[in-house]
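Here's a quick tour of a chain you can follow on screen. Have the viewer open and click along as the residues come up.

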Amino acid sequence: MCYLIYAIYQTYVPRPALTGDDWLTRAIENVYSIDRPYNCFPSTHTLTSYLIFKAYRSAANIARPVRFFVACTSLLIIASTLFVKQHVLLDLIAAMAIVEGIYLVI
């Protein structure tokens with residue numbers, strides 16, 4: 001679904017210039033070098049994380065601590081895409097809407 005949207009509607013998320021030489025700045029530089037700022041709407045990071053979150057949350061046969069761990073990890077991944085400036089809020093909302101739509105259809 002995301003790649004169909006990317007083929008029709010290409011987006012770009014401008015990223016700030018990084019200053020500093022600490023390990024966090026280098027980590028973000030590494031992310032930027034691997035993950036280009038194109039085709040960001042909707043966020044595939046968010047779509048995948050939110051889909052896994054919903055699947056684990058609704059699975060009764062998975063232990064509660066595991067579901068909690070998956071929920072926390074998924075939410076951290078989603079939040080990190082905003083903090084690292086990989087996506088904007090609308091990218092996340094669109095991805096979550098697609099997941100909700102998939103859940104309604106299935």
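A salt bridge here means a side-chain nitrogen of Lys or Arg within 4 Å of a carboxyl oxygen of Asp or Glu. By that rule, the count is three. Before going through them, some housekeeping: this is a predicted model, where local features need pLDDT of at least 70, side-chain atom pairs count only at pLDDT 80 or more, and totals for chains, interfaces and linings use all residues. Residues are numbered from 1 along each chain as its sequence is written, and side-chain values use heavy atoms, with hydrogens and water left out.

**Charged pairs**

Side chains of opposite charge can pair when their charged atoms come close. These are the pairs:

| Pair | N to O distance |
|---|---|
| Arg 15 and Asp 35 | 3.5 Å |
| Asp 21 and Arg 26 | 3.6 Å |
| Lys 54 and Glu 100 | 3.2 Å |

Lys 54 sits in helix α3 and Glu 100 in helix α5, so their bridge ties together parts that are 46 residues apart in sequence. Helices are DSSP runs (H or I, at least four residues), numbered from the N terminus.

How covered are the partners? For the labels, buried means under 20% relative accessible area, exposed over 50%, and partly exposed in between (1.4 Å probe, protein chains only). Lys 54 is buried at 9%, while Glu 100 is partly exposed at 30%. Arg 15 also counts as buried, at 18%, and Asp 35 is partly exposed at 23%. In the remaining pair, Asp 21 is exposed at 63% and Arg 26 is partly exposed at 42%.

**Helix α2**

Helix α2 covers residues 23-34, and its 12 residues should span 16 Å at 1.5 Å a residue; the end C-alpha atoms are 17 Å apart, which agrees. The expected span is 1.5 Å times one less than the number of residues.

**The core**

Which residues make up the largest nonpolar core? It has 11 members: Cys 2, Tyr 6, Leu 47, Tyr 50, Phe 53, Ala 71, Ile 78, Leu 92, Ala 95, Ile 98 and Val 99. Such a core is a set of buried Ala, Val, Leu, Ile, Met, Phe, Trp, Tyr and Cys residues joined through side-chain atoms within 4.5 Å. The elements giving two or more residues are α1 (2-8), α3 (44-58), α4 (64-83) and α5. Helix α5 gives the most, with four residues.

**A nonpolar surface patch**

Val 88, Leu 89, Leu 90 and Ile 93 form a nonpolar patch on the surface, with about 380 Å² of accessible area together. Patch members have over 30% relative accessible area and no salt bridge, and nonpolar side chains are joined within 5 Å. Ile 93 belongs to helix α5 (residues 89-105) and is partly exposed at 48%.

Most residues other than glycine have a negative phi, and most peptide bonds are trans. Phe 41 and Pro 42 are joined by a cis peptide bond, with omega about -5 degrees. Pro 42 lies in the loop between α2 and α3. Asn 39, in the loop between α2 and α3, has a positive phi of about 55 degrees. Lys 85 has a positive phi of about 65 degrees and sits in the loop between α4 and α5.

Methods: Patches are made of residues with over 30% relative accessible area and no salt bridge: like charges are joined within 9 Å, nonpolar side chains (Val, Leu, Ile, Met, Phe, Trp, Tyr) within 5 Å. Accessible areas come from the Shrake-Rupley method with a 1.4 Å probe; for residues, only the protein chains shown count as cover.
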